[in-house]
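I opened this notebook to record, entry by entry, what I looked up in the structure. The entries follow the order in which I consulted the model.

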Amino acid sequence: MNNQIFIQTVRFVALVLAQVFVFNKIDLFGFISPYIYVLFILLYPVVTNQIQFIFISFLLGLSLDFFGDSGGIHAAACLTAAYVRPFLLKFAFGVSYEYNTVKVSNTQFGSRLLYFTLLIVIHHLVLFSLEIFNLENILYILKFALFSSVFTILISMVIMVIFSRKK
């Protein structure tokens, strides 16, 4: 258990620092930005206290809001992603999730891609809806969310391949 807490703490700090000092500096074409800190929510262990997980996700978003002076939009997006995560896990992994045998790094590529895509798109839609906060600009919200989601998914999958443990 202590090993798991250490791993999650290191992952939390590393992803926040990577997001703040590296990935926040990336802005392709003025509307594509990766948000890799979502990997923390995606990879958090399935068998966990849901209230604790939602609180930790809130702290993740709050820490990014603190560094980015973004007024709580990351905290709201992380809370939403943490709340819908169990439903997305059940949808993407089915019976494996119900029997608590899911470990995201050991799942089939198609299921993992579906799970990553759904959670990242939901996170980005909430994030950009709150950032732009004007329904007259719904096309901008959708454009930013779509392209940033695709870029985030690609980088997340590459990170998963690079840091996966070989069997």
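This is a predicted model: local features need pLDDT of at least 70, side-chain atom pairs count only at pLDDT 80 or more; totals for chains, interfaces and linings use all residues.

**Entry 1. Phe-133.** I located Phe-133 in the loop between H6 and helix H7, the latter spanning 138–163. I then read its backbone: phi is positive, about 50 degrees, although Phe-133 is not a glycine.

**Entry 2. Asp-69.** I turned to Asp-69, which also has a positive phi of about 50 degrees and is not a glycine. Where does Asp-69 lie? I found Asp-69 in the loop between helix H3 (50–68) and H4. Is Asp-69 buried or exposed? Asp-69 has a relative accessibility of 71% and therefore counts as exposed.

**Entry 3. H3 against H4.** For any two packed helices, the description consists of the angle between the axes and the distance between them. For H3 and H4 I noted an angle of about 155 degrees, with the axes 7 Å apart. Angles over 145 degrees count as roughly antiparallel, and H3 and H4 are therefore placed in that class. Their crossing is right-handed.

**Entry 4. H4 against H6.** I continued with helix H4 (residues 73–93) and helix H6 (residues 109–132). Their axes are 9 Å apart and meet at an angle of about 155 degrees. H4 and H6 are therefore roughly antiparallel to each other. I recorded a right-handed crossing where H4 passes H6. Which kinds of residue form the contact of H4 with H6? I found 19 nonpolar residues, four polar ones and three charged ones in this contact.

**Entry 5. H6 against H7.** I then examined H6 and H7, which pack at an angle of about 140 degrees with their axes 8 Å apart. This angle makes H6 oblique to H7. H6 passes H7 in a right-handed crossing.

- In helix H4 I looked up Phe-93. Phe-93 has a relative accessible area of 11% and is therefore buried.
- In helix H6 I looked up Glu-131. Its relative accessible area is 48%, and Glu-131 is therefore classed as partly exposed.
- In helix H7 I looked up Thr-152. Thr-152 is buried, because its relative accessible area is 1% and the cut-off is under 20%. How far apart are Thr-152 and Val-38 in sequence and in space? They are 114 residues apart in sequence and 8.8 Å apart in space, C-alpha to C-alpha.

**Entry 6. Tyr-35.** I moved to the loop between helix H1 (2–21) and helix H2 (38–43), where Tyr-35 lies. With a relative accessible area of 12%, Tyr-35 is buried. I also checked Tyr-35 against Pro-86, which is 51 residues away along the chain: their C-alpha atoms are separated by 21 Å. Tyr-35 belongs to a cluster, linked by ring pairs, together with Tyr-37, Phe-128, Tyr-140 and Phe-144.

**Entry 7. Aromatic rings.** I then asked how many aromatic pairs the whole structure holds. The search finds eleven. Among the ring pairs I examined Phe-40 and Tyr-44, whose ring centres are 5.4 Å apart and whose planes stand at 55 degrees, so the pair is tilted. Both Phe-40 and Tyr-44 are buried.

**Entry 8. A charge over a ring.** Last, I looked up Phe-53 and Arg-85. Arg-85 lies over the face of Phe-53, at 4.7 Å from the ring centre.

Terms used:
Residues are numbered from 1 along each chain as its sequence is written. Side-chain values use heavy atoms; hydrogens and water are left out. Rings of Phe, Tyr and Trp (its six-membered ring) pair if their centres lie within 6.5 Å; planes under 30 degrees apart count as stacked, over 60 as edge-to-face and the rest as tilted. Buried means under 20% relative accessible area, exposed over 50%, partly exposed in between (1.4 Å probe, protein chains only). A charge sits over a ring if NZ of Lys or CZ of Arg is within 6 Å of the ring centre and within 35 degrees of the ring normal. Axes are lines fitted to C-alpha atoms, for helices over the stretch in contact, and angles run from 0 to 180 degrees between N-to-C directions. Helices (H or I, at least four residues) and strands (E, at least two) are DSSP runs, numbered from the N terminus. Angles under 35 degrees count as roughly parallel, over 145 as roughly antiparallel, 65 to 115 as roughly perpendicular and the rest as oblique. A crossing is left-handed if the near helix is turned anticlockwise from the far one by less than a right angle, and right-handed if clockwise. Ala, Val, Leu, Ile, Met, Phe, Trp, Tyr, Cys and Pro count as nonpolar, Asp, Glu, Lys and Arg as charged, and the others, Gly among them, as polar.
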